[in-house]
Amino acid sequence: GVATPLPNPLGGIVVDAKENPVPGVAVWWSILTGNGTITPRAAATDANGIVRADWGLGTVVGSQSARASVAGVGDVDFTATASPGPAAEVAVVGGNAQSATVGTMLPAPLVVRVVDAYGNVVPDVTVNFTPNGGSLTASTATTSAAGEAQTVWTLPTTAGAYATDASVTGLAVAQFTATAIAGSAASWAKTRGDEQSGRVGEALPESLIVRVLDQHGNPVAGLSVTWM
């Protein structure tokens, strides 16, 4: 994985034109790609013409390379592949702070990305999604090659603010918020002021009040009511 030493050291042998090992030859080691480390940077071949170095991979996922050089002779290159480290963070990358009508599906999916300690995406991690209202198309999802997992949220039928947590075992929770908005007016009801009595030409003691509701019983604001 990234930022870890390879299990076996790099090794090379220096020989003469007749393939005989040559001791005491200076070999220089360098990192070509991947911001890793080589120890030691320079060493002499042993009695068998062999030289070794330990390679610690860098923090970038993918192919990395190192080189052994002998002055006047040439270079030998080594390659290794660094995989992501353990999951270190789950973050919201899409679908946060949406709003929609009560009882309907949000227009965009909820998307999180899981990364290691160096920001490399981590595939094949299980993410758990937990809403405090409504329903999800999937309560668990596995991160893709891009380190992303997603689900789709259908809001509850009661207007208000809601949240869905996205969690990976051992990591801090990422949270989505959404607002469920009342639907179109479906019914209305008298709430105050009915069946009053008073003197002619004077205002009744109580105001006349009606409440307009959507199909789920949520109050609907912003409508014009005509009194006749």
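**Chat: a buried threonine, a ring pair and salt bridges**

Reader: Where does Thr 151 lie?

Author: Thr 151 is in strand β14, residues 148–151. Strands (E, at least two residues) and helices (H or I, at least four) are DSSP runs, numbered from the N terminus. This is a predicted model, in which local features need pLDDT of at least 70, side-chain atom pairs count only at pLDDT 80 or more, and totals for chains, interfaces and linings use all residues. Residues are numbered from 1 along each chain as its sequence is written, and side-chain values use heavy atoms, with hydrogens and water left out.

Reader: Is Thr 151 buried or exposed?

Author: Thr 151 is buried, at a relative accessible area of 2%. Buried means under 20% relative accessible area, exposed over 50%, and partly exposed in between (1.4 Å probe, protein chains only).

Reader: What does Thr 151 touch?

Author: Leaving aside residues up to four places away in sequence, Thr 151 touches Pro 109, Leu 110, Phe 129, Leu 136, Thr 137 and Ala 138. Contact means heavy atoms within 4.5 Å.

Reader: Other topic. How many aromatic pairs are there?

Author: The count is 1 aromatic pair. Trp 29 and Phe 78 form this pair, which is tilted, with 5.7 Å centre to centre and 40 degrees between the planes. Rings of Phe, Tyr and Trp (its six-membered ring) pair if their centres lie within 6.5 Å; planes under 30 degrees apart count as stacked, over 60 as edge-to-face and the rest as tilted.

Reader: Why does the pair tie together parts that are apart in sequence?

Author: Trp 29 lies in strand β2 (residues 26–33) and Phe 78 in strand β7 (residues 74–82), so the pair ties together parts 49 residues apart in sequence. Trp 29 is buried at 3%, and Phe 78 counts as buried at 18%.

Reader: And salt bridges, how many?

Author: The count is 5 salt bridges, each a side-chain nitrogen of Lys or Arg within 4 Å of a carboxyl oxygen of Asp or Glu. One of them joins Asp 77 and Arg 67, with the closest N and O atoms 2.6 Å apart. Asp 77 lies in strand β7 and Arg 67 in strand β6 (residues 62–70), so this pair ties together parts 10 residues apart in sequence.

Reader: What about Lys 190?

Author: The side chain of Lys 190 meets that of Asp 194 in a salt bridge, 2.9 Å from N to O. Lys 190 counts as exposed at 56%, while Asp 194 is partly exposed at 43%.
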